[in-house]
Amino acid sequence: MKLKNILKNGFLIVLASLVLTACATQQKASKSQLQGDVYNGQETVEYLASGVPDRVFFATNETVLTTASRDTLRKQATWLRKNSKINVVLEGHADERGTREYNLALGERRANSAKDYLMTYGISADRISVLSYGKERPVDSGSNPLAWSKNRRSVTVKAN
Amino acid sequence: MQEKCWKDKMLFRYLILLILLPIKSFALIEVDITRGNLSPLPLAVSPLSIDEKSRKNFKEILKKENIGSEISIIVENNLKQSGLFNPLNKDSFLQKPDIANLKPRFEDWNLIKAQALITGKVTFVDNKLRVEFRLWDVLAGKEMMALAFTTVPTNWRRVGHIITDKVYERLTGEEGYFDTRIIYVAEEGPKTKRIKKLAIMDQDGFNNKFLTLGNELVLTPRFSPTNQMVTYLSYFRNLPRVYLLDIETGMQEVVGDFAGMTFAPRFSPDGKKIIMSFAKDGNSDIYTMDLENRVVERITNHPSIDTSPSYSPDGKYICFNSDRSGYQQIYTMTSDGKNVKRISFGKGLYGTPVWSPRGDLIAFTRLHKGKFYIGVMRTDGTGERLLTENFYQEAPSWSPNGRVLIFYRETKSNSKGEGFSAKLWSIDLTGYNERLVETKTDASDPSWSSLLSN
């Protein structure tokens, strides 16, 4: 009986330590790419021009631009001012962890956060249109926090 | 002479009474559907009897060996799916269908523990399908109901559904929901490039038909109470707008002339208006458009996201989803947009409120600690009950009698996107009888029609 308990506890401890190490390695992997729960990696990012990233990322349920996002959008604004004939579509997206209809609204709000910022840096509203995809067009099809962080985004796409 | 005439009239009245009485006789068997039914009522669905000539005629037209058996199988499956009935194995039946329909030997049916018995007869009359059926109370040894109807042969599946509705109504005291259809979004392909089409099928999954080709993204189809029209969101030409589709003619038109995305559409209970969200400059508010005079009315005016509106069945109230408190919660208001009241107060987020056709409950999706729940609450927010918990599920839609909810559920995918699926599920208002609703492709966004025969 006693032996059985010891064995049982021992087994639990081994199991627990296995889980802990698994957690630690996973955290390390995602830590470099997540700030809070905002993605700050490079994996999915494309470039409108050299040094001009096409997308910004958001925290869960948030539409506020992070410092990194504002930096990216200022680069986009500079590029758009130089290329005054180019119009853009801002495509707003949400992750899969929300109801479809709310996510459509959330995507629209995210794209508009980006639009407002571009406008404060002198880009005319006439050159910017907004399109929300809600959770319909993820870039990463995984169901994990890192994948979701890549999907919460606003992407600036050339319209012409 | 005078007297005789009067007597004749009396006799006539008496005859009518005699015919109606068996149908209106007091309930002998009653199935209580308000509680979770853990012991479904055992009943026998005898194959509908058919004469050889009729059988051959229907075989030629419908390519079915025995249409009488086929119709009884529909009834049997429907009753089984409801969770309230336990149709007994036909192998154990002792009486032949034709004899049983004339006069059941109740001892025989009692022996196999059937409490109710359904019998019937199919005949080929003037190129039409004539079906009569009877519902018997085995223990009391009485006929509870007898009905006959005639229709075009291709309607044979509907005949099975209508019989089920009548039996369900007679035994539960509630309106049925079997002669109905489900409109939904059929899904195919990888998550990152999902192809979505509008599809429609009978409530039991048969007669599946695609209504769009999949060239553009389509979402959230909803039935009109009149059943001919559907409203949905289409990304046609990359302009997400609410559309109206006539299922019979295939005609489509955009609803209103909005300078931005319109989404989350539903019909008003009278079918005359569409209520939806319109997103402009990062703000979504609720609007209605009258389908007759095209008048657009703004219902909410708030800097938060207001979406997923749904009318109460009397049209006097609207429930909707808003994050005006900081997070997604459920609110109600009068249909003019006044008297806004928050009704969800539990932990986590609430979305997709939808008013029950009975008027007393609101079904919703709740997200709490990484789990998604489908639940119901009273229209003042009290009495919240969570019916089912899962990794991801949302968008409940009520059966027309308000007893069953259909919704969609997605499974988790690994980092490569494998393991993902989207399927339709249904669950009883009691929280029992959760079932996968089979579809050929993956499926989401189901919407239940009202009864077709009404």
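Predicted model: local features only at pLDDT ≥ 70, side-chain atom pairs only at ≥ 80, totals over all residues.
**Entry 1. Chain A in outline.**
I began with the secondary structure of chain A, which comes to four helices and eight strands. Reading along the sequence, I wrote down the pattern α-β-β-β-β-β-α-β-α-β-α-β. I then looked up burial and found that 42% of the 160 residues in chain A are buried. Among contacts in chain A with a separation of 6 or more, I noted that 69% join residues 24 or more positions apart.

**Entry 2. A sheet in chain A.**
I traced an open sheet of four strands in chain A, in the order S5-S8-S6-S7, with mixed pairing. Strands S5 (55-57) and S7 (128-134) of chain A each have a single partner strand, so one side of each has no neighbour in the sheet. From one strand to the next, I recorded an average twist of 20°.

I looked next at strand S6 (residues 88-93) of chain A, which pairs with S7(A) in the parallel sense over six bridges. Within S7(A), Ser129(A) is the residue that stands opposite Val89(A).

**Entry 3. Helices on that sheet.**
I found helix H2 (residues 67-82) of chain A lying across S5, S6 and strand S8 (153-158) of chain A. The direction of H2(A) is at about 160° to S5(A). Helix H3 (residues 100-120) of chain A also packs on the sheet, where it touches S5, S6, S7 and S8 of chain A. I noted about 155° between the directions of H3(A) and S7(A).

**Entry 4. Where chain A meets chain B.**
I looked up the contacts between the chains: 22 residues of chain A are in contact with 33 residues of chain B. On the side of chain A that touches chain B, H3 and S7 of chain A each supply at least two residues. H3(A) gives the most to this side, with ten residues. By class, I listed eight nonpolar, eight polar and six charged residues on this side of chain A.

**Entry 5. Nonpolar cores.**
The largest nonpolar core has 116 residues, and I noted Ile71(B), Leu117(B), Ile362(B), Ala363(B) and Leu405(B) as those that touch the most other members. Helix H6 (residues 156-172) of chain B contributes the largest share of this core, seven residues. I also found a second, separate core of 18 residues, which includes Val56(A), Leu65(A), Val88(A) and Ile128(A).

**Entry 6. Helix H6 of chain B.**
I checked the length of H6(B): at 1.5 Å a residue its 17 residues should span 24 Å, and its end C-alpha atoms are 24 Å apart, which agrees. H6(B) is mostly covered, with 14 of its 17 residues buried. Just after H6(B), I noted a positive phi of about 80° at Gly173(B).

**Entry 7. Strand S4 of chain B.**
I turned to strand S4 (residues 116-125) of chain B, where nine of the ten residues are buried, so the strand is largely enclosed by the rest of the structure. Strand S1 (residues 41-45) of chain B pairs with S4(B) in the parallel sense over three bridges, and Val45(B) stands opposite Ile118(B). Strand S2 (residues 49-50) of chain B is also parallel to S4(B), with two bridges; here Ile50(B) has Val122(B) as its bridge partner.

Strand S5 (residues 128-137) of chain B runs antiparallel to S4(B), and ten bridges join them. I recorded Trp136(B) as the bridge partner of Leu117(B). S4(B) and S5(B) form a hairpin with two residues between them, and Asp126(B) in the turn has a positive phi of about 50°.

How values were computed: Residues numbered from 1 in each chain as written. Chains lettered and ligands numbered in written order. Pairing = 2+ DSSP bridges. Axes fitted to C-alpha atoms, helices over the stretch in contact; angles between N-to-C directions. Contact = placed C-beta atoms within 7 Å. Nonpolar A, V, L, I, M, F, W, Y, C, P; charged D, E, K, R; others polar. Core = buried A, V, L, I, M, F, W, Y, C linked by C-beta atoms within 7 Å. Buried ≥ 20, exposed ≤ 12 C-beta atoms within 10 Å, placed from the backbone. Expected span 1.5 Å × (residues − 1).
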